[in-house]
Each structure stands twice: as structure tokens, then as C-alpha cells.
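Please read them with the structure open.

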Amino acid sequence: MENKRIAEILSEIAAMISLTDYPTAKFEVRAYQKASLTIGTLQEPIEEVYKKGGLKALMELPGVGKSIASHIEEYIKTGKIKKYDDLKRKYPIDMAGLTSIQGMGAKKALILYKKLEIKNIDDLKKALEQHKISKLEGFGPRSEEVLQKGLAFQASSSGRMLISEALPVAENLVAQLIKSGLVERAMVAGSARRMRETVGDLDLLVISKRGEDVMDFFIKLKDVESIIAKGPTKSAVRLKMGLNCDLRVLEPKSFGAAVQYFTGSKDHNIQVRQIAIDKGYKLNEYGLLDRKGKDVGGLEEEHIYEKLGMQWMPPEMREARGEVKLALAHKIPTLIEVKDIKGDLHTHTKETDGANSLEEMAQAAMKLGYEYIANTDHTKSEPVTKGKDDKGFEQIMKKTDKLNDSLNGKFTILKGAECDILKDGSLDLSAKTLKQMDCVVGAVHMNTKMDEKQMTDRIIKALDTGLIHVLAHPTGRIVNIREPYKVDLEKVAEAAERNNVVLEINSNSRLDLNDTNIMLVSKYKVMFAIDTDSHRTHEYSLIRYGVGTARRGWLTKERVLNALQLDKLKKMLAK
Ligand code: DGT
Ligand code: CA
Ligand code: CA
């Protein structure tokens with residue numbers, strides 16, 4: 001799938017055109033940005049779209065006009081785009097690398113190239129060391145500090161990929177292995193099975209009697225970029241999507257032990273192995289051996305835990321955070337599952353920065369078997385999102401009423417907003433408007449560089465208005481992109497408990513609250529809402545990552561607001 005690469009190229013073209021000053025540049029920049037967004041979030045492989053409907057189908061994509069469509073065609077046919085190559089010659093900058101640093105936009109990168117010939121991250125590091133940037137007009141020591149921090153953050157997160165990008169690739173590889181007919185069973189193990197928020201490499205396990213054939217098949221898959229190691233039972237490859245992938249071929253009799261071992265985490269395994277030793281067993285990735293040296297493992301990992309006197313536990317819990325003790329006491333909780341989710345309380349539409357109409361968002365949610373969604377478009381202080389004012393929301397609410405009437409109770413759209421919590425803790429819509437809404441999602445988006453006390457007070461002040469139902473992405477982080485702001489989450493949880501405010505677990509690229517924060521605030525009497533923050537219909541599918549994160553935080557469905565049926569949900573929201 002070339003969607004991501006093409007989106008990157010289009011966005012780089014936009015950045016490079018923005019440096020030029022011919023009359024139509026501004027429009028072109030916007031056109032390329034828009035097309036990049038479309039392709040980057042398209043679910044279907046762009047090659048498929050093209051194969052099915054040619055240039056015409058490409059032009060039917062939102063924001064893709066004739067000239068951009070022909071660039072895409074050029075890329076699919078030749079792997080190149082001439083316009084991009086020409087611009088690249090003029091601006092030989094590693095734009096993707098540089099702009100991946102927090103605090104560095106395309107504009108800044110270009111100014112730095114023009115003034116200091118900074119072409120890549122290494123050049124940037126040198127310039128920072130020599131304090132060249134602070135001397136530039138419009139930059140100053142503060143800019144240097146921001147870029148230094150951005151670099152440090154990138155170094156600490158680099159190489160790990162967001163679970164929602166990694167897991168579908170792993171599952172697709174498993175599907176291909178199964179389809180090959182060469183394996184009896186195949187599964188994803190490692191951190192991806194544990195739903196860790198980022199994944200360092202993929203670990204796949206298969207049962208097969210034809211190891212050599214499996215490996216020959218595996219290394220030739222078109223997802224593979226290069227081969228790192230190849231043997232009959234273990235191979236490792238570099239995937240085009242940027243991760244390494246280990247594949248192990250196992251015998252049925254050691255599959256259970258291998259699944260247990262390679263699912264991890266390492267710290268969990270160390271604790272489990274100690275229990276095995278205490279009980280007179282020997283446990284490794286090949287089996288569970290009793291005192292007589294007989295393998296009592298088996299096909300399923302359940303057997304391993306059972307033999308050790310432990311209850312099986314979901315992979316998401318295996319992080320050595322007390323789950324081993326619970327398993328020995330047979331007190332593993334029944335965790336929330338995707339099928340428990342009855343609706344989504346944080347969604348956007350075309351009215352602001354979403355891609356679909358409210359009707360389309362509702363229809364898509366109905367197809368998933370949901371009972372309700374809350375429509376929570378942005379509020380006015382966010383100009384980039386085309387946020388609406390009180391009047392705008394009045395109109396949206398009127399439309400919502402009409403739509404609800406036409407749905408005849410088969411499905412309900414709750415009226416809401418993702419209302420900005422402003423710098424001083426006040427809200428971005430009037431109390432009058434907010435009081436007419438069923439589900440107000442409060443969110444901090446701007447002015448995030450405050451100290452911890454300021455930010456905590458700001459959020460608490462907003463919660464104390466009594467006008468907010470859900471606090472969206474409570475720490476403001478975006479995985480691998482933006483660090484959380486400084487906030488005392490326990491104090492926020494306390495205020496949430498006092499005001500019956502629900503804390504969000506955002507399933508999108510934020511995964512915020514994360515697993516450890518969920519555990520931290522669980523001791524307060526607060527509920528959680530697992531939302532997707534969908535800006536287009538297909539983003540509803542991200543719910544599994546929010547649920548995975550909730551499971552990593554040991555949540556049961558009783559603590560999840562949107563696991564409630566509509567009537568119960570409405571009662572809770574009314575509080
Ligand atoms: P990652 O790849 O960094 O996202 O995290 P994992 O957990 O997938 O780690 P990985 O790929 O290095 O290894 C897969 C699993 O294999 C790991 O979760 C537990 C097991 N494992 C790896 N090395 C060791 C080890 O030294 N001791 C034990 N007990 N288990 C290990
Ligand atoms: Ca791994
Ligand atoms: Ca591995």
C-alpha cells in the first residue's frame with residue numbers, strides 16, 4: 001500500500017511550493033495539503049482505486065483534482081513524480097525528517113535551509129550546538145529550546161510505531177500466511193498482541209511441518225523490504241512499512257509454551273518462570289517440563305498457566321503490574337471488550353474539520369451496531385478546525401433534531417460539542433448553548449505551555465462549571481508526536497469525581513489517557529469514555545485501540561460510560 005508514501009510526497013510538495021512566491025502558490029499549497037490528507041487517511045490502497053477506476057476514480061477522491069490525480073498515476077506507474085523530483089533538486093532538504101521534530105514546521109525548515117543551509121537532522125543538531133539558530137531574526141533562545149526538546153523527544157520515541165499502524169500490518173501478514181496453505185496456525189505475539197501503544201518489532205508464530213517452504217514464502221511477500229536472517233525455524237525481515245518482523249515456525253507440542261513466551265512481556269515472563277521453578281517445573285519457549293523432564297506444555301498457552309496454578313489472563317495485562325498475583329488468586333477481572341461498546345461520544349463532521357456529514361457518521365455507526373453517537377464538532381477558538389460559535393451550534397442542533405426524527409428511535413445522535421477549555425479555564429461556548437447539549441466534551445487544545453499548577457487549575461475550573469460531561473484526551477499527548485502537557489492528573493480526577501465528569505480514553509493517535517494513567521486515576525470514583533474522535537467514518541474502527549488501552553489499564557465494562565445502553569447513558573449524562 002503506497003498511500004502513506006504518496007501522502008508524504010504531496011505534503012512535501014506543498015511545503016516546497018510554499019517557499020516560492022508565484023501568484024497561485026497559496027492555492028496550490030492548499031490543494032496539495034488537502035489531497036495529502038485524503039490519501040493519507042484513505043482506507044483502500046490507492047493502487048486499488050486506480051486499478052478499478054483509473055484517473056477518473058482518483059479525481060473523485062475529495063480534494064484530488066486533475067493535476068494531482070495525474071501525479072498519483074505517475075507514481076503508481078513509475079514510482080516517481082517528476083514535479084517532486086524537480087522541487088527536490090531546488091530544495092534538497094530532508095523535509096519528512098525535519099518536520100517530524102516537534103516544533104519544526106515546513107516553513108521553519110525552509111527558512112533554516114535558506115539562512116543556515118540546514119538540510120537534515122544532523123545539520124540541525126550542529127546548528128543547535130553552535131547556537132546559530134538563536135541568532136536568527138525571529139528565532140531566539142526560546143526557539144532553540146523548543147527544537148532541542150523536540151529532538152530529545154524524537155530520539156526517545158524513534159523506532160517504535162503506533163499500535164494502530166503496526167497491528168493491521170501484522171494481521172495482514174498472518175492472513176497471508178494462512179492463505180498460503182503452508183501453515184496450520186498463525187498468530188501475532190509480542191507487544192502487538194499485548195496492545196502496547198507502540199511496537200518495536202512484530203513477532204509472528206506459526207505451526208507448520210514445512211518450515212523451509214514457509215520461510216521461502218514469507219521472505220517473498222511484497223511487504224518485505226529486505227532479509228535480515230533466514231533459517232528453517234526462525235527468520236527476520238525488514239518490512240517496507242518501517243518495522244522489523246520475526247517469524248518463528250513451531251511444532252504443535254511447543255506452541256503453547258512459545259505463545260506464552262513470545263507474547264511477553266519479558267518482565268511478566270520472568271515472574272511466571274519463577275513460579276514454574278517454585279513448583280518444580282522448568283519453563284522456556286520450547287515447553288513446560290515437569291520434574292521427570294516430561295513436556296506437559298501443549299498447544300494452548302492456557303495449559304501453561306493452568307499447570308502453574310494460575311488463571312489465564314488477557315495479553316494486555318501481562319506487564320508485571322500485579323497480574324501474576326491476581327492470576328494465582330484466580331481474581332483476574334473480566335475486562336471491557338470491543339463488543340461491549342454501544343456508541344461513540346466524540347465524533348466530528350464536515351461542519352468543522354471532519355470529512356463526512358452527520359448523516360453519514362450516524363449511518364456508519366449504525367452499521368457497526370451502535371445505538372448512539374454524540375456529535376461533538378469543534379468550537380470557535382480553533383480557527384484551523386473551522387470551529388463554530390453559539391449560533392453555529394444552534395443550527396447544528398436543529399439539524400440533529402430533524403435527523404433524529406427521521407431515524408425513528410432506531411439510532412440516536414446526542415447533541416454536543418468538543419468545547420475548548422480556554423487559557424483561563426472558561427469555556428468557548430455560552431452556558432446557555434452548552435446547557436442544551438446532551439454531551440459536552442471539554443478539551444484543551446491551545447496555550448498548552450503552562451506550568452503544572454496553571455494547567456491543573458485551568459482544567460479544574462472548567463470541570464467545576466458543571467457544564468462538561470467528558471474531559472477529552474486529558475493529557476494532550478499525541479503518541480510519538482506531541483508530549484503531554486504538565487498536569488496533576490490525580491487532582492483532575494478528584495475534580496472529575498466531584499462533578500461527575502467522565503475521563504476520555506481517546507482511541508485515535510493520542511491514546512490518551514494511556515494505560516498507566518488509567519490505573520492512576522482508577523482509584524477515584526470516575527467513569528471512562530472510550531472514544532475514537534473520528535473525523536471520518538472509517539476512523540470508528542480505531543475503537544479497538546482505545547479498548548486495548550483500557551484493557552491495559554485493567555478496566556471492566558462497568559467503568560465505561562459508552563458501554564451503557566442509551567437510556568442508562570442518558571441518565572448518567574443528566575447527572
Ligand atoms: P517490542 O518489540 O519492543 O515492542 O516488545 P516485545 O515485547 O514484542 O519484545 P521482543 O520483540 O523483544 O520479544 C518478544 C517477546 O519475547 C517478549 O515480549 C518476551 C519474550 N522475550 C524476549 N526476550 C526475552 C528474554 O530475554 N527473557 C524472557 N523471559 N522473555 C523474552
Ligand atoms: Ca516485538
Ligand atoms: Ca522480536
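1. This is a predicted model. The chain is split into three stretches: domain 1 (3-91), domain 2 (162-328) and domain 3 (338-574). Taken over C-alpha atoms, the centres of domain 1 and domain 3 are separated by 33 Å.

2. One open sheet has 5 strands, in the order 2-4-7-6-5, and its pairing is mixed. Strand 2 (185-189) and strand 5 (224-230) are the edges, each pairing on one side only. On average, neighbouring strands of this sheet are turned by 25° against each other, direction ignored.

3. Within that sheet, strand 6 (residues 234-239) and strand 7 (residues 244-250) run antiparallel and are joined over 5 bridges. Aspartate 246 in strand 7 stands opposite alanine 236. Helix 12 (residues 211-219) packs on the sheet and touches strand 4, strand 5, strand 6 and strand 7. The direction of helix 12 makes about 160° with that of strand 7. Helix 10 also lies across strands here, namely strand 2, strand 4 (201-207), strand 6 and strand 7, and runs at about 25° to strand 4.

4. For reference, ideal angles for six octahedral donors are 90 or 180 degrees.

5. Which residues supply the protein donors of the calcium ion (ligand 3)? They are Asp201 (OD), Asp201 (OD), Asp203 (OD) and Asp246 (OD), lying 2.3 to 2.7 Å from the ion. Along the chain these donors follow the spacing D-x1-D-x42-D. Aspartate 201 lies in strand 4 and aspartate 246 in strand 7, so the pair ties together parts that are 45 residues apart in sequence. Aspartate 201 coordinates both calcium ions, the calcium ion (ligand 3) and the calcium ion (ligand 2), which are 3.7 Å apart.

6. Are these aspartates buried or exposed? Aspartate 201 is partly exposed, with a relative accessible area of 24%. Aspartate 203 counts as buried at 12% relative accessibility, and aspartate 246 counts as buried at 11%. The cut-off that matters here is that buried means under 20% relative accessible area.

7. Serine 265 sits in the loop between helix 13 (252-263) and helix 14 (266-278). With 8% relative accessibility, serine 265 counts as buried. Not counting residues up to four places away in sequence, serine 265 touches Arg194, Arg318 and Glu319. Serine 265 and aspartate 21 are 244 residues apart in sequence, and their C-alpha atoms are 54 Å apart in space.

8. A second open sheet is built from 7 strands in the order 10-11-12-13-14-15-16, with parallel pairing. Its edges are strand 10 (343-347) and strand 16, each of which pairs on one side only. Strand 15 and strand 16 pair in the parallel sense over 4 bridges. Alanine 529 in strand 16 is the bridge partner of glutamate 504.

9. Helix 18 (residues 390-407) touches strand 11 (372-378) and strand 12 (412-420), and its direction makes about 160° with that of strand 12. Helix 24 (residues 566-574) lies across strand 10, strand 11, strand 12 and strand 13 (439-443), at about 35° to strand 12.

10. How many residues of helix 23 (residues 543-552) are buried? The count is 9 of its 10 residues, so the helix is mostly covered. Among the buried residues of helix 23 are Ile543, Tyr545, Val547, Arg551 and Arg552. The buried residues of helix 23 pack against helix 10 (163-179), strand 15 (502-506), helix 22 (515-521) and strand 16 (528-531). Just after helix 23, tryptophan 554 takes a positive phi of about 65°.

11. Serine 522 is in the loop between helix 22 and strand 16. Serine 522 is buried, with a relative accessible area of 18%. Leaving aside neighbours within four places in sequence, serine 522 is in contact with Phe528, Leu555 and Arg559.

Terms used. Residues are numbered from 1 along each chain as its sequence is written. Chains are lettered from A and ligands numbered from 1 in the order in which they are written. This is a predicted model: local features need pLDDT of at least 70, side-chain atom pairs count only at pLDDT 80 or more; totals for chains, interfaces and linings use all residues. Side-chain values use heavy atoms; hydrogens and water are left out. Buried means under 20% relative accessible area, exposed over 50%, partly exposed in between (1.4 Å probe, protein chains only). Helices (H or I, at least four residues) and strands (E, at least two) are DSSP runs, numbered from the N terminus. Contact means heavy atoms within 4.5 Å. Domain bounds come from an automatic or database domain assignment. Two strands pair if DSSP finds at least two bridges between them. Axes are lines fitted to C-alpha atoms, for helices over the stretch in contact, and angles run from 0 to 180 degrees between N-to-C directions. Donors are N, O and S atoms within 2.8 Å of the metal (3.2 Å for Na, K and Ca); water is not among the atoms, so sites may look incomplete.
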